[in-house]
Amino acid sequence: MKKLAFILLLLTTTFISSAQTTDAQLTQRLNHYMQLNKSLDFEQIMDYMHPVLFTVAPREAMQQAMEQAFNSEEMKISIDSLQVLTIGADFKEGEAVYKKVDYFMSMSMVFKENMLEDKSFREVMTAAMQEAFGNKQVGYDEKKKALIISGNEIMFAIKDNPKSTWLFLGYEKNPQLVEAIFPKGVIAHYKLL
């Protein structure tokens, strides 16, 4: 009985994995996009973002803001781990196809001048990051002298028409931003608000 359960589990896992990777272009672009994020190549990351995002802020301004956030005078942020967990089924909105992508991310925040060694500063920053990142885990890594923020995230893969390439949009539960970048049908289908 245990062998049968194990075989069924293996087949189910294999089926789910293969179902998630049936679109070779999506798999290739998603893997490259994740690698660009991990290496903090903001210029190329912009090429993979859906252009609707640039109606909210110009591409150059967004790239500059990301570069400054990840490497300011006060702290340096690095992405330690990115792993796709699931890729959802197609949802069509007009000609466009949307897929919800659930992924895990872990990042480190190292403050210059080893400020995190001060216990009271570390506690204040940990509390602030916990409030800012809500549903993520925030902890201190003694070895790295860094705050570690980790948890599951959501983004959307979007293909505007059958001939276009897959592009990506991150998701944050910010009603104004959601309404500005996602069509009403997508908001309703995925319950984004």
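This is a predicted model: local features need pLDDT of at least 70, side-chain atom pairs count only at pLDDT 80 or more; totals for chains, interfaces and linings use all residues.
Colleague: Fine. How many helices and strands does the protein chain have?

Modeller: Seven helices and six strands. Both are DSSP runs numbered from the N terminus: helices are H or I with at least four residues, strands are E with at least two. Along the sequence the pattern reads α-α-α-α-β-β-β-α-β-β-β-α-α.

Colleague: And what share of the protein chain counts as buried?

Modeller: 37% of its 193 residues. The chain exposes about 11900 Å², and carbon and sulfur atoms supply 57% of that. Those areas come from the Shrake-Rupley method with a 1.4 Å probe; for residues, only the protein chains shown count as cover.

Colleague: Which residues touch the most other members of the largest nonpolar core?

Modeller: Met49, Met62, Met109, Met155, Phe168, Phe182 and Leu192, out of 53 residues in that core. A nonpolar core is a set of buried Ala, Val, Leu, Ile, Met, Phe, Trp, Tyr and Cys residues joined through side-chain atoms within 4.5 Å.

Colleague: Which element gives the most to this core?

Modeller: S3, with nine residues.

Colleague: Take Met155. What is Met155 in contact with?

Modeller: Leaving out neighbours within four places in sequence, the partners of Met155 include Leu30, Tyr33, Met34, Lys99, Tyr103 and Phe168. Contact means heavy atoms within 4.5 Å.

Colleague: Met34 is on that list. Where is the place of Met34?

Modeller: In helix H2, residues 24–38. Met34 is buried, at 9% relative accessibility. Beyond four places in sequence, Met34 touches Leu82, Gln83, Val84, Tyr103 and Met155. The C-alpha atoms of Met34 and Leu82 are separated by 6.7 Å, though the two residues are 48 apart along the chain.

Colleague: Switching to rings. How many aromatic pairs does a search of the whole structure find?

Modeller: Seven. Rings of Phe, Tyr and Trp (its six-membered ring) pair if their centres lie within 6.5 Å; planes under 30 degrees apart are stacked, over 60 edge-to-face, the rest tilted. Phe111 and Phe121 have ring centres 5.4 Å apart and planes at 85 degrees, so they are edge-to-face. Phe111 is in strand S3 (residues 96–111) and Phe121 in helix H5 (residues 119–133), 10 residues apart.

Colleague: Is Phe111 buried or exposed?

Modeller: Buried, at 7% relative accessibility. Phe121 is partly exposed, at 22%.

Colleague: Now Phe156 and Phe182. What aromatic pair do they form?

Modeller: An edge-to-face one, 5.3 Å centre to centre with 70 degrees between the planes. Phe156 is in strand S5 (residues 146–159), and Phe182 is in the loop between helix H6 (175–181) and helix H7 (184–190), 26 residues apart. Phe156 is buried at 0%, and Phe182 is buried at 4%.

Colleague: Which residue has its charged end over the ring of Tyr48?

Modeller: Arg29, at 4.2 Å from the ring centre. Arg122 lies over the face of Tyr140, at 4.3 Å. The test is NZ of Lys or CZ of Arg within 6 Å of the ring centre and within 35 degrees of the ring normal.

Colleague: How many salt bridges does the structure hold?

Modeller: Seven. Each needs a side-chain nitrogen of Lys or Arg within 4 Å of a carboxyl oxygen of Asp or Glu. One of them joins Asp80 and Lys144 at 3.5 Å, N to O. Asp80 is in strand S1 (residues 75–87) and Lys144 in the loop between strand S4 (137–141) and S5, so the pair ties together parts 64 residues apart in sequence. Asp80 is partly exposed at 26%, and Lys144 is partly exposed at 42%.

Colleague: What does Glu153 form a salt bridge with?

Modeller: Lys136, with the closest N and O atoms 3.5 Å apart. Glu153 is in strand S5 and Lys136 in the loop between H5 and S4, 17 residues apart. Glu153 is buried at 12%, and Lys136 is buried at 10%. Lys99 and Asp90 also meet in a salt bridge, at 2.6 Å, N to O. Lys99 is buried, at 12%.

Key. Residues are numbered from 1 along each chain as its sequence is written. Side-chain values use heavy atoms; hydrogens and water are left out. Buried means under 20% relative accessible area, exposed over 50%, partly exposed in between (1.4 Å probe, protein chains only).
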